[in-house]
Amino acid sequence: MGETAVDVLEREHHDLRALFERVRDPDADRGAAWLEIVKQVATHVAIERTFIYPVVKRRMANAPGLADDLRHDYKRMERLLVLTERRKINSPDMPDLVNDLLNVFESHQDRCTRILIPTMLETLKPVELDELGDRMRGAENVILSHPHPHLLALGPVYPMTTRVASFWDRVRDRTVQNR
C-alpha cells in the first residue's frame, strides 16, 4: 500500500517547510534551495488544483468556503512564483517575495491541516484516499521532472498549456534519451 492523498499532502508540506528553512540558512546554497522551492511549489499547486480541488468542490459541502480559499491560495502562490521567476536570485526585492511566498504557504498549510485534511478523512473512503494518492504521486513524478511555473499564471488556459508543455517535454525526453 502506497501513500494516501493525505500522506502526499503532508509530505509535500513537510518538504516545502524544510526547503524554506534551507533558503533562510546563511550557510546553505540558497540559490539551489530557491530553485527547488519554485519547482516544489509549482508541483504542489498543480497537483492540488488537479486532484484535490475538484474533490473539495464536488464532495465537501461540509467545509463551506474551502474551495474558494484553496483557489485563492493557489492564485497567490502562482503570482509570487511568476514574480520571482522574473528576477535574479540577488534582486533587492527577492527576500520580500520569498517571505511573502512563505507566508502564503504557511497560511495554506494551516488551512490544510485544520480543515482540508480532517474533511478529506471524514468525507472520503480509505480506498478513495488510496486511489487519489496513487494519482497524485504519478502526476508528481511527471510534473517534477519538468516544472513550468510560468504557465501557472495563464489562468483558465493553464490546463491546455500544461498539456502542450507536457507533450513537448516527452518529445524532448525521448530525443535526449536517444542520444
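Here is a walk through the helices, the core and a few salt bridges of this model. The structure is predicted, so local features need pLDDT of at least 70 and side-chain atom pairs count only at pLDDT 80 or more, while totals for chains, interfaces and linings use all residues. Residues are numbered from 1 along each chain as its sequence is written, and side-chain values use heavy atoms, leaving out hydrogens and water.

Let's start with the nonpolar core, meaning buried Ala, Val, Leu, Ile, Met, Phe, Trp, Tyr and Cys residues joined through side-chain atoms within 4.5 Å; buried is under 20% relative accessible area, exposed over 50%, and partly exposed in between, with a 1.4 Å probe and protein chains only. The largest core has 46 residues, and Leu-101, Leu-116, Met-120, Leu-132 and Met-136 touch the most other members. Helices α1 (5–24), α2, α3, α4 and α5 (126–145) each supply at least two residues, with α2 giving the most, 13. Helices here are DSSP runs of H or I, at least four residues long, numbered from the N terminus.

Beyond its neighbours within four places in sequence, Leu-116 has contacts that include Leu-9, Ile-52, Leu-66 and Leu-70, a contact being heavy atoms within 4.5 Å. Leu-66 and Leu-70 are among the buried residues of α3, and what covers those buried residues includes α2 (30–59) and α4 (94–123).

Now for the charges. A salt bridge puts a side-chain nitrogen of Lys or Arg within 4 Å of a carboxyl oxygen of Asp or Glu, and the whole structure has 11. In α3, Asp-68 and Arg-71 sit three residues apart, about one turn, and they pair at 3.2 Å.
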